[in-house]
Amino acid sequence: MNILVTGGAGYIGSHVVVELHEAGYNPIIVDNFSNSDKSVLKGLFEITGKEILLYEGDCRDQKFMESVFSSEDIHGVIHFAALKAVGESVQKPLEYYDNNVGSLILLLTLMKQYKIENLVFSSSCTVYGQPDSLPVTEEAPKKPAESPYGNTKQLCEEIIEDTFKSGQQIKAFALRYFNPIGAHHTGNIGELPLGIPNNLVPFITQTAAGLRDSIIIFGDDYDTPDGTCIRDYIHVMDLAKAHVRSLEVLNRMNQSHYDYINIGTGNGHSVLEVIQKFELANSASLNYNIGTRRVGDVEKVYASADKAKEVLGWQANRSLDESLRDAWNWQQKLRDSENA
Ligand code: NAD
Ligand code: WQD
């Protein structure tokens, strides 16, 4: 079965491509490489032993996307392609709305035209803002988005839901990812931030590798046991598996369907804990300083993972230690290949 993976050259998409291949699907990547590098294809080949089919182009380009849909017999779509930097979205809201919302609308239109039913959409725990109670369940109300990026995820969920309600034959899950970290255990693929990383774990690994002097902890005066923010960090390969499970469940359905599901571990860890666990798991030491709070950060959020277990039969298996070891292994391999 051919599965179209938009944004399949990116961080999460590339790991899902591996998992799809292993489960017997035939992943087909569409990517414009606006936030990824072609070297990922080499990493994918090293892991899968297969040249993964790639269409290079923009998901908002109607002609290009029509050529993809008309050339391939597509059974389902996983839609990762999006811009994802929260701070940048405040500076460039129109680019974010255009890319994230525009690409989904075109995709849903083509899915209707080509009678493709199965869709897995990359949503985010950002739709919850700071939840009133934890762990956060899917029933928690969405809060007004803190950023244009967050708003695109809320809007995209609503667009899929409205499409479902309109009677279009569609079977879709919006997966609300918590904080994906880590890399494939081989270190052949991983997260490749262009420029200064926004996210905690790539900043940690780059600091440990000597690419950054020190890491700043954004505030230690939150109402948490050690004063630093709490998040639900999930290994990217566990996350990848949730996509394969989603497709399997959608495949078995014979009626239109739409639902949204948290994809997290159910456990919260503070920034300080992550730093300390990284040091212990990798026998490395990190320079870090306490800085001021980052605008827009929520204090604490972690998932209720019950619905994922119930609906998808999925739960995260890998520990935070394993995720941090794999993240470091990837960073070291990157450094070695750059020095080679
Ligand atoms: P990423 O930037 O590594 O991957 C996105 C990929 O999409 C990149 O390869 C990029 O080149 C491509 N792309 C972007 N716009 C495109 C377009 N218009 N046409 C074709 N290709 C395009 O990001 P990621 O971390 O892998 O995230 C994947 C998805 O998951 C995104 O939708 C993101 O919003 C969502 N998400 C990510 C996180 C996270 O922390 N990484 C958390 C929650 C949700
Ligand atoms: C984690 C924790 C920071 C960097 C973001 C998006 C969210 C989702 C996931 C896409 C926070 C702290 C970080 C640093 C730090 N993405 N931190 N120093 O903010 O939970 O979520 O990515 O949907 O929408 O907002 O992830 O990795 O940026 O931060 O102290 O240099 O680490 O304050 O508490 P976040 P993150």
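Q: Which residues does Asn 262 touch, leaving aside those up to four places away in sequence?
A: Asn 262 touches Tyr 128, Val 136, Thr 137, Glu 138, Arg 176, Phe 178, Ala 303, Ser 304 and Ala 308, where contact means heavy atoms within 4.5 Å. The model is a predicted one, in which local features need pLDDT of at least 70 and side-chain atom pairs count only at pLDDT 80 or more, while totals for chains, interfaces and linings use all residues. Residues are numbered from 1 along each chain as its sequence is written, chains are lettered from A and ligands numbered from 1 in the order in which they are written, and side-chain values use heavy atoms, with hydrogens and water left out.

Q: What makes the approach of the Asn 262 side chain to the backbone oxygen of Val 136 a polar contact?
A: A polar contact is a pair of N or O atoms within 3.5 Å; within protein, one must be able to donate a hydrogen and the other to accept it, and residues adjacent in sequence count only if both atoms are side-chain atoms. A polar atom of the Asn 262 side chain lies 2.9 Å from the backbone oxygen of Val 136, and the side chain also reaches the backbone oxygen of Ser 304 at 3.2 Å.

Q: How do you know that Glu 117 and Lys 171 form a salt bridge?
A: A salt bridge is a side-chain nitrogen of Lys or Arg within 4 Å of a carboxyl oxygen of Asp or Glu, and the side chains of Glu 117 and Lys 171 meet at 3.7 Å, N to O.

Q: Why do Glu 117 and Lys 171 get their accessibility classes?
A: Glu 117 counts as partly exposed because its relative accessibility is 28%, whereas Lys 171, with a relative accessible area of 5%, is buried.

Q: What makes Asp 132 and Lys 143 a salt bridge, and how is each classed?
A: Their side chains meet at 3.0 Å, N to O. Asp 132 is exposed, with a relative accessible area of 67%, and Lys 143 is partly exposed, with 24%.

Definitions and conventions
Buried < 20%, exposed > 50% of the residue type's maximum accessible area, 1.4 Å probe, protein only.
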